[in-house]
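Here is a short report on a predicted model.

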Amino acid sequence: MSERSTQSRIPVKPHYTPGDLPGFDYATQLNEPGAYPYTRGARPRPAGRGGWIQRELSGEGDPSRSNAQFQYLLAQGQTGLDVIGDAPTMGGLDPDHPFAAHAVGTQGVSLCCLEDYRQLYRDLPLDRITLSHSLPAAFAVAALHTVARERGFDPATLRGSVIQAPYYCEDCSYAIHMPFKLRVRLAADVIAFCSAAMPKFHAFLEDTYFISESGLDSVEEMALGFVEIRGLVRELLARGVDVDRFAPRIAILLNCRMDFFEEIAKIRATRRLFARMMREEFGAKDPRSWAVNIAAHTSGLSLTAQQPVNNIVRGAIQALALGCAGVQAIEVSTFDEAFRTPSPEAHVVGLRTQQVIDRESNVTMVADPLGGSYYVEALTDELERRIWEMVQSIEAKGDPAALSDSGWFRTVFQAAMERHARALADGTLEKVGVNAFQVPDAEDVLLRDVAERKIEPCRERVAWMAAYRAQRDASHVQAGLQALDTCARDWHANLLPAIVAATEAGATMGEMAGVLRRAYGHPADPFRRLGDPL
Amino acid sequence: MGISMEKTRVLIAMLGLDQHEVGALTIARLLRDAGMEVVYAGRFNLPAGIVKAAIEENVDVIGLSCHSWEYLYYVDELLQLLRTEGSELPVVVGGSVITPADRQAVLDKGVRAAFGPTAARDEIVTTIETLARRRRN
């Protein structure tokens with residue numbers, strides 16, 4: 001962007017003074033860390049050493065291979081796990097679906113049945129580490145709940161999270177091929193289920209990271225995120241769930257781009273907006289409902305295929321911003337992001353980046369070290385104003401289901417993609433190695449061997465699935481799917497108990513997703529290649 | 001109607017479950033801005049569907065936007081299907097995941113052009129125009 005505005009196109013002055021904070025009142029705008037409105041942090045004490053969960057996004061191949069990846073990362077000092085599914089898994093399809101042929105296990109782990117989750121979590125101390133899931137929430141939570149019980153852990157002790165983005169996933173590269181109403185119902189069902197059965201688990205992890213990777217700016221990212229949070233809160237309140245039952249377990253997984261101060265200000269503005277909204281608008285009484293937990297990914301979109309070693313620097317700058325903003329968990333997008341899901345080498349560099357900031361920089365010794373900076377406070381106020389304005393303008397457009405179905409959300413994402421591409425092409429968004437300081441391909445060799453190494457699709461999963469399906473008790477599976485179908489057609493029932501039961505009966509995610517799509521009048525198989533699961 | 005006056009028609013599609021659409025939309029816009037007609041097939045296509053659409057829509061070039069490695073495997077099937085149809089439609093691939101080695105591999109298979117992350121916009125437009133003109137003449 002121009003040197004006189006932030007990445008979100010907020011005009012910036014050469015310097016800031018007390019005059020930029022008219023009417024500034026410490027107690028109202030900031031207050032102490034850990035006190036309403038939580039601008040300065042959700043917790044009263046500074047993060048300190050090891051003050052955030054350090055994890056790297058992982059998952060590749062079959063579940064056993066991903067389990068080995070987890071063990072490797074834990075041995076390197078990772079303090080939580082974060083797993084993402086491959087393209088079929090994220091789409092609610094089994095690995096033997098015809099469209100999955102060349103995509104199994106290459107961009108995440110392939111997961112579709114209870115046995116897979118047993119392998120995924122094998123030997124992991126489920127009661128002692130946090131498990132963050134970028135997976136179709138209902139199916140992942142059902143399987144985790146069962147595996148924990150099988151292993152003798154009380155699900156109520158499980159900590160971790162699962163992403164929710166029911167409004168936007170179809171338009172943001174994580175389509176699960178379900179209609180809006182079903183996506184929202186599944187999200188609310190998971191949240192309601194966990195608020196009783198897994199009360200320490202953040203089943204409401206609003207994921208603004210992946211929606212913004214198309215090129216949304218910070219204002220658009222958080223505005224769409226708040227629209228979705230507000231929609232889900234209203235949905236849960238309409239069901240009669242008490243706000244203080246679920247609100248303490250709302251968290252936001254957000255994006256951290258290259259604009260250092262803007263991203264810090266965005267996180268501070270988000271905490272303040274959230275606190276005011278929960279207390280004043282939704283009437284939450286428990287202070288834990290006001291203080292939102294923030295996890296963050298450093299921005300994959302900010303990374304480049306050119307000169308991949310520079311991505312290590314980008315990750316470090318973004319993670320340092322997160323350290324200064326005070327967040328509860330960080331994932332550093334790795335230097336090979338433009339080419340592949342992380343290699344073992346890149347995983348460790350991402351983790352070491354976090355460890356160096358944590359152990360060597362002292363940025364976490366003091367909570368909110370930038371609080372009181374004229375610039376950061378002015379920017380926090382401005383971002384808060386712009387985010388809230390955009391939330392209101394979107395809500396004024398009417399029913400989110402209609403906005404989704406009519407493609408309005410999609411136009412927002414498309415406009416952002418095009419704006420980003422144009423800014424890179426015309427150089428208004430400067431990118432070292434892309435539109436500045438380029439080198440010829442032949443000289444661009446450092447770390448490229450690692451970045452370009454490939455993972456073969458996990459083709460043996462197709463035969464494995466055939467054997468898995470054959471050895472199941474077919475009548476058991478059918479009964480589980482029938483019960484799920486019946487439950488799905490009772491619009492007021494929570495789907496989770498039926499999903500847990502069908503999972504335990506041996507049903508696959510593809511079959512269960514198919515039953516649900518069908519109950520909502522959609523084809524069980526979105527690509528119309530498979531027969532009916534019932 | 002003079003052949004040289006015809007607008008170049010390009011099918012832009014993605015393969016399999018690759019659904020990171022940024023590149024496909026960007027390239028569609030780039031080609032339209034350059035005066036071409038884009039038939040946008042978007043996400044979730046298998047080779048047979050792409051060949052069918054390309055022939056029915058009478059395009060001059062098939063452009064595949066690739067953000068996963070699936071294209072490396074689907075390209076063989078796509079080229080084989082075109083040969084079976086007796087079609088010589090040029091196939092072009094582009095995307096940030098395409099490394100120099102991948103580029104050479106797909107060119108050897110019969111893909112007519114492959115654009116990695118460093119390809120210039122002008123180069124993409126010119127190459128596609130040239131392939132289309134050669135096909136029409």
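## Domains of chain A

Domain 1 of chain A puts 22 residues in contact with 15 residues of domain 2 of chain A. Contact means C-beta atoms, placed from the backbone, within 7 Å. On the domain 1 side, α5 (137-150) and α6 (180-197) of chain A each supply at least two residues. That side has 15 nonpolar, five polar and two charged residues. Nonpolar covers Ala, Val, Leu, Ile, Met, Phe, Trp, Tyr, Cys and Pro; charged covers Asp, Glu, Lys and Arg; the others, Gly among them, are polar.

Domain 1 spans 18-40 + 47-400 + 408-426, and domain 2 spans 472-519. These bounds come from an automatic or database domain assignment. The domain centres, taken over C-alpha atoms, are 29 Å apart.

## Nonpolar cores

The largest nonpolar core has 151 residues. A:Val190, A:Ile191, A:Ile499 and A:Met512 have the most contacts inside it. A core joins buried Ala, Val, Leu, Ile, Met, Phe, Trp, Tyr and Cys residues through C-beta atoms within 7 Å. Buried means 20 or more other C-beta atoms within 10 Å of the residue's own, with C-beta atoms placed from the backbone.

A second, separate core of 52 residues includes A:Phe335, B:Val59, B:Leu89 and B:Val93.

## Contact between chains

Chain B gives 24 residues to the contact and chain A gives 25. On the chain B side, α1(B) gives the most, with four residues. Helices are DSSP runs (H or I, at least four residues), numbered from the N terminus.

## Conventions

Residues are numbered from 1 along each chain as its sequence is written, and chains are lettered from A and ligands numbered from 1 in the order in which they are written. In this predicted model, local features need pLDDT of at least 70, side-chain atom pairs count only at pLDDT 80 or more, and totals for chains, interfaces and linings use all residues.

Conventions:
Contact = placed C-beta atoms within 7 Å. Buried ≥ 20, exposed ≤ 12 C-beta atoms within 10 Å, placed from the backbone.
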